[in-house]
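Please look over the sequence and the fold shown here. The report below goes through the sheet, its helices and some backbone details.

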Amino acid sequence: MTESSTATADPRTRTDGLGWVTRAVFADARVGLTVDGPLPAGHRTVARYAVVPSPARARFLLPLGSTRATAASLLAYNALRPTQVRAVRAVLGGVARLGGIELARFPALTVSVPDAVAVDQALLVHRLAALLGWGPVFAACGVRPPDPNHKPTLQLFDASGGPLGFAKIGWNDATRALVTAEAAALRELPAFTGVADHPVAPRLLTETGWAGQAVAVVEPLPPAVRGLPTTAEPQVAAVLAVARRGRPPAQPRPLAGSSFLAGLTEAAQRAATTPSVGERALAAVTGLERRYDGVSVEFGHWHGDWVPWNLGRHAGRLVAWDWEHSAPDVPLGFDLAHDAFQRSVVLRGEPVGTAAAAVDGQLRRYGDALGLDPAGQRLVADAYLLEMWLRTWRLADAGAGWNPVLHPALLDLAIARYGR
């Protein structure tokens with residue numbers, strides 16, 4: 001079937017990125033979507049988007065109706081993006097400022113609702129505007145290949161191009177859990193903004209359910225925020241502030257009997273019913289407990305995805321976003337372990353064995369600052385690697401599918417290190 005023959009069809013029927021995004025953003029069946037085509041009978045137009053560059057190769061849904069909002073959707077936070085992406089968005093943003101997106105005649109996605117239906121009862125963006133007391137809202141959305149582990153995220157702007165916030169949409173079990181977890185974390189964090197070295201986090205503006213989805217709206221980042229270089233040194237003082245939340249160092253406690261180990265055990269018992277995993281998950285937890293019997297470490301909170309691309313600086317303060325994996329009562333040092341692991345796997349494309357060695361090295365380097373002796377450093381590294389595999393399993397079990405970089409290699413590595 002050719003592009004032209006499907007251009008006017010409802011894009012929610014597509015199996016590509018445009019189909020995935022439009023199904024999540026326009027989940028109400030009463031909403032009509034057409035690409036360069038006529039409205040359904042009895043409908044009125046309520047929003048329009050440019051599909052850039054085309055439905056088959058869509059990368060952006062850009063709001064039409066306000067040139068300032070269209071331009072802002074391309075230019076806001078561009079300093080946080082990779083160089084190549086930044087250049088493309090800068091060029092398109094300049095064109096948008098001059099009204100060129102309309103003139104360029106990109107395919108137009110027209111959003112409509114039946115004449116008798118109130119727009120804030122059928123469209124997510126309008127519903128959020130009503131909940132938050134905003135005026136007209138324009139939304140932009142990036143389009144990427146379908147991935148059950150990713151959440152469509154709407155950038156929200158007013159008619160002048162001023163940023164209003166980000167709406168994250170949890171559309172399956174895996175992503176609904178992540179959106180709900182981040183909302184819970186952000187509700188707690190304002191109490192710790194005065195803690196020395198604690199990063200600033202965006203405020204939660206609202207959390208709601210919509211058409212079976214979980215939606216959280218987070219305030220915009222400061223316009224002048226600048227990302228950390230991927231070569232930046234780990235922010236050890238900030239990691240400690242996140243873990244302790246203004247309290248003095250906690251008394252080290254043994255792994256045995258901790259709520260953390262209980263959570264690992266419970267997750268492993270559920271994972272053990274998964275084909276291809278079986279008793280190996282339980283063997284890994286049992287091996288971890290046996291190896292570190294009698295070793296004590298400090299427990300505290302962690303951000304859960306502490307990496308340079310989730311961190312920035314503004315007005316002399318560290319800013320941290322994407323708190324969807326945040327949790328309490330984990331061994332202190334998990335965030336530094338995650339930083340080393342993700343830099344290795346994501347930035348350098350290294351296998352999990354090399355990434356695990358990077359974790360070991362980072363914890364040795366900063367062990368004294370974390371109050372970890374060599375045995376504690378090894379415990380944190382091994383517990384983190386198992387936690388990461390269980391996170392991979394939880395996402396797969398919730399419908400996100402296995403991450404082939406981490407499974408089965410990470411479980412194999414855990415068993416090789418301490419599961420025998």
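## Terms and model

A residue counts as exposed when its relative accessible area is over 50%, and as buried when that area is under 20%. This model is predicted.

## Two exposed residues with positive phi

Start with A315. A315 sits in the loop between β14 (311-314) and β15 (317-320). Its phi is near 50°, a positive value in a residue other than glycine. A315 has a relative accessibility of 71%, so it counts as exposed.

S276 is found in the loop between α8 and α9. Its phi is also positive, about 80°, although S276 is not a glycine. With a relative accessibility of 57%, S276 counts as exposed.

## The sheet

The open sheet has 9 strands. Their order is β1-β4-β2-β3-β5-β6-β7-β9-β8, and the pairing is antiparallel. At the edges are β1 (32-35) and β8 (204-210), each of which pairs on one side only. On average, neighbouring strands are turned by 25° against each other, direction ignored. As a rule, strands of a sheet pair through backbone hydrogen bonds, either parallel or antiparallel.

Take β2 (residues 43-52) and β4 (residues 108-114). These two strands run antiparallel and are joined by 7 bridges. A50 has A108 in β4 as its bridge partner.

## Around β6

Is β6 mostly covered or mostly uncovered? It is mostly covered: 4 of its 5 residues are buried. β5 and β6 run antiparallel, with 4 bridges between them. F138 stands opposite F157 in β6.

β6 is also joined to β7, by 5 bridges, and this pair runs antiparallel too. The bridge partner of F157 in β7 is P163. β6 and β7 form a hairpin with 5 residues between them. In the turn, G161 has a positive phi of about 90°.

## Helices on the sheet

Helix α2 (residues 67-75) lies across β3 (60-63), β5 (138-142) and β6 (153-157). It runs at about 145° to β3. In α2, the residues A69, T70, A71, A72, S73 and L74 are buried. Y77 follows α2, with a positive phi near 60°.

Helix α6 (residues 173-188) also packs on the sheet. It touches β7 (163-170), β8 and β9 (213-218). The direction of α6 makes about 35° with that of β9.

## Helices packed on α12

Two packed helices are described by the angle between their axes and the distance between the axes. Which helix packs against α12 at an angle of about 165°? The helix is α9 (residues 280-291), and its axis is 11 Å from that of α12 (residues 374-400). The angle makes α9 roughly antiparallel to α12. The crossing is left-handed. On the α9 side, A281, A284, V285, L288 and R291 make the contact. On the α12 side, the contact residues are R378, D382, A383, L386 and W389. Together they divide into 7 nonpolar, no polar and 3 charged.

Helix α8 (residues 259-271) packs against α12 at about 40°, with the axes 11 Å apart. That angle makes α8 oblique to α12. α8 passes α12 in a left-handed crossing. From α8, the contact uses F260, L264, A267, A268, R270 and A271. These meet A383, L386, E387, W389, L390, W393 and R394 in α12. The contact residues divide into 10 nonpolar, no polar and 3 charged. A383, L386 and W389 of α12 take part in both contacts, with α9 and with α8.

## A buried arginine

R12 lies in the segment before α1 (17-25). Is R12 buried or exposed? Its relative accessible area is 15%, so R12 is buried. Leaving out residues up to four places away in sequence, R12 touches G19, T22, R23, F26, D28, V31, G32 and L33. The C-alpha atoms of R12 and A27 are separated by 9.0 Å, and the two residues are 15 apart along the chain.

## Cis peptide bonds

V52 and P53 are joined by a cis peptide bond, with omega about 0°. P53 lies in the loop between β2 and β3.

The peptide bond from H407 to P408 is cis as well, with omega near 5°. P408 is found in the loop between α12 and α13 (409-418).

Key: Residues are numbered from 1 along each chain as its sequence is written. This is a predicted model: local features need pLDDT of at least 70, side-chain atom pairs count only at pLDDT 80 or more; totals for chains, interfaces and linings use all residues. Side-chain values use heavy atoms; hydrogens and water are left out. Axes are lines fitted to C-alpha atoms, for helices over the stretch in contact, and angles run from 0 to 180 degrees between N-to-C directions. Angles under 35 degrees count as roughly parallel, over 145 as roughly antiparallel, 65 to 115 as roughly perpendicular and the rest as oblique. A crossing is left-handed if the near helix is turned anticlockwise from the far one by less than a right angle, and right-handed if clockwise. Contact means heavy atoms within 4.5 Å. Ala, Val, Leu, Ile, Met, Phe, Trp, Tyr, Cys and Pro count as nonpolar, Asp, Glu, Lys and Arg as charged, and the others, Gly among them, as polar. Two strands pair if DSSP finds at least two bridges between them. Buried means under 20% relative accessible area, exposed over 50%, partly exposed in between (1.4 Å probe, protein chains only).
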